[in-house]
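Thanks for coming. I have one structure to go through today, and I will keep it short.

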Amino acid sequence: MFAPRTTPWPLVALFTAGYLAPYLLPTTVGRLDSGLPLSVTQAGAVGSALLLSSATAGFALASRVERIGARTLARLGLALALLGYGAAALATAVPAVVAGAMVGGFGSGTATTVAATLIAAQRDPHRASTAGLLSVSALAGAVYLTVPHLGPGHGLPLAAIALTALAVWPLTGRLPAAAPAAPARHHKARLPHARSGLVLAAAMLCWSLAQNSLWGVSGQIGLTQAGLGEATVGAVFAVALVAGLTGVLAAGALGARLGRAVPIGAGTVLIAGCVVLSASATGLTSFAAGEIAWNTLYPVVLSYLIGLAASLDPRGRWAVLVGSASSLGTAAGPLTGSVLSAQAGFPVMGTILAAGLLVVALPMTAVALHTGGRPLLPGAIRRRGGHPAALVAAAPATPTGAVPEIGAPEQPVVEIPVDTPAVPAQRDYDKAGSEVF
């Protein structure tokens, strides 16, 4: 029988609150450009500052979630998101908007850090991250459909993020408080699989940089190069995010059947093609095709990357550090996309970003292959070829039976002392090692 699995909805809600800001990046940057005296490049720089603040929170808090307590940190992050984004939405002076966005970004990063740490400790981290991606995609799609009909101004997308933080706050009471004091050696334990983790973190930084360089200027591509209206562009984004829900569901159904290397490597190659198509769009058909195909594939690959990072350390430290490295790439994305598009045009920018994605697909696939031979859940079964039946790691206390057993699970070899004296040797051996009779 399969062990019953329940979705940790408070954790999914926290994941949604933390990830919503990057998902709303195109409309946030676009409205900063149109609603404030900022150029496209300056608006992209504000978006980058917001996301950089979010990444800073991840690096600062990666090893402190257990000690401070998930509930306390989650509430702190949501409070900062509410105050920061709310103040930025109401302000009209550019310095106040930038300051509020950075405070809110730190709050989003704090919420994301707590969510990533707790996801790594789940019995099925891939299931939890998939549910979180479904939730944030659905919410972002609703915002893209709604905001264009509520009037102009830079404050609406920022207000949506602030209100989401407020709505999630009551659910934090079900998150764990500070963990009891552990032995000092537990906190000083080295990160496992350091080389794989560092390679994955560096690759994820570049992967996210390429993705968000396009995502940060997608609104401008639709408005200027494709000649569409804001409502039409918002509808395309909403449909694209709904397609992303389909991709996440497909990833959840696919599970570990193909391992991790194939979805990560092949998926990134396909994403590179979508980036070229979207960046060169000159009309509704090409723009919608590129954005929808891209947003269908992106969460699929991301869910496997989140699982891969979680598999490297069941305490969640690599999940947070890799996520923070990804946030650094995300932070640099809007500014990079704005500069590249301003200097070389959107099509050339797309070609450059696609080439970068093809390059980083190699080390990410290599890490997935390198870690694929280790059992990642207690009771996981090694299939022929050394691939585990499980997808991502769980906490050391995870009960067995999280995945169906196909054969005899691997067991550690234990030496058992025997009190019976050994039987004396009855025969000797010659120099060649053959027995003398």
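I will take the cavities, then the aromatic pairs, then the salt bridge.

Keep in mind that this is a predicted model. Everything I quote is computed from it.

Cavities, then. How many are there of 30 Å³ or more? The count is three. The largest cavity holds about 630 Å³ of space. Its lining is made up of 36 residues, and those closest to the centre are Tyr 19, Leu 302, Gly 323, Ser 326 and Ser 327. Helix 14 gives the largest share, with eight residues.

Which residues line the second largest cavity? They are Ala 62, Ser 63, Arg 64, Val 65, Glu 66, Thr 117, Arg 315 and Arg 317. By class, that lining divides into four charged, two polar and two nonpolar residues.

Next, the aromatic residues. The structure has seven aromatic pairs, and I will show you one of them. The ring centres of Trp 215 and Trp 294 are 5.7 Å apart, and their planes stand at 75°; over 60 counts as edge-to-face, so that is what this pair is. Trp 215 sits in helix 10 and Trp 294 in helix 13, 79 residues apart, so to speak a link between distant parts of the chain. Are these two buried or exposed? Trp 215 has a relative accessible area of 6%, which makes it buried. Trp 294 is at 3% and counts as buried too. Both tryptophans belong to one aromatic cluster, whose members are Tyr 144, Trp 215, Phe 237, Phe 287 and Trp 294.

Last, the salt bridge. A search of the whole structure finds one. The partners are Arg 31 and Glu 230, with their closest N and O atoms 3.1 Å apart. This pair also links distant parts of the chain: Arg 31 is in helix 2 (residues 25-35), Glu 230 is in helix 11 (residues 230-254), and 199 residues separate them. Arg 31 counts as buried, at 4% relative accessibility, whereas Glu 230, at 38%, counts as partly exposed.

That is what I have. Questions are welcome.

Key. Residues numbered from 1 in each chain as written. Predicted model: local features only at pLDDT ≥ 70, side-chain atom pairs only at ≥ 80, totals over all residues. Heavy atoms only, no water. 1 Å grid on protein atoms, 1.4 Å probe; cavity = no way out; pocket = protein on both sides within 12 Å on 5 of 7 lines; lining within 4 Å. Points joined across faces, edges and corners; volume = space filled by probe spheres on them. Helix = DSSP H or I, 4+ residues; strand = E, 2+ residues; numbered from the N terminus. Nonpolar A, V, L, I, M, F, W, Y, C, P; charged D, E, K, R; others polar. Phe/Tyr/Trp six-rings, centres within 6.5 Å; stacked < 30°, edge-to-face > 60°. Buried < 20%, exposed > 50% of the residue type's maximum accessible area, 1.4 Å probe, protein only. Salt bridge = Lys/Arg side-chain N within 4 Å of Asp/Glu carboxyl O.
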